[in-house]
Amino acid sequence: DEHPCQLPIHLLDRLVLLATDEGDIVLDPFSGTGTSAISAKRLGRKFIGFELDITYANISMQAKK
């Protein structure tokens with residue numbers, strides 16, 4: 001894990017499925033390495049995330065590719 005508070009993707013998948021419908025927007029104001037963005041994308045949701053730490057933001061951008 002590249003982030004000290006990174007959650008397992010399967011847990012985020014369950015939360016996204018419980019709280020949103022396909023096509024909804026997932027907002028993560030502390031997106032870290034982007035695990036919630038990956039989950040949202042996999043499940044057909046849009047995503048908006050914010051991260052102040054450039055190290056984690058760069059990791060998140062690499063995962064997007």
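Hi everyone! Let's start with a definition: a residue is called buried when its relative accessible area is under 20%, exposed when that value is over 50%, and partly exposed in between. Keep that in mind as we look at this structure, which is a predicted model.

First up, L11. Where does L11 sit? It lies in helix α1, which covers residues 9–19. Its relative accessible area is 36%, so L11 counts as partly exposed.

Now let's move to S36. This residue belongs to helix α2, residues 35–42. Is S36 buried or exposed? Its relative accessibility is 8%, so S36 is buried. And what does S36 touch? Leaving out residues up to four places away in sequence, S36 touches L12, D28 and F47. With D28 there is also a polar contact, side chain to side chain, at 2.6 Å.

Last one: R45. You'll find R45 in the loop between α2 and β2, the latter being 46–49. R45 is buried because its relative accessible area is 11%. Again leaving out residues up to four places away in sequence, R45 touches a whole list of residues, including V16, L17, D21, V26 and A40. Take L17: it is 28 residues from R45 in sequence, and the two C-alpha atoms are 9.7 Å apart in space. As for D21, its backbone oxygen lies 3.4 Å from a polar atom of the R45 side chain.

How values were computed
Residues numbered from 1 in each chain as written. Predicted model: local features only at pLDDT ≥ 70, side-chain atom pairs only at ≥ 80, totals over all residues. Heavy atoms only, no water. Helix = DSSP H or I, 4+ residues; strand = E, 2+ residues; numbered from the N terminus. Buried < 20%, exposed > 50% of the residue type's maximum accessible area, 1.4 Å probe, protein only. Polar contact = N/O pair within 3.5 Å; in protein donor to acceptor, adjacent residues only side chain to side chain. Contact = heavy atoms within 4.5 Å.
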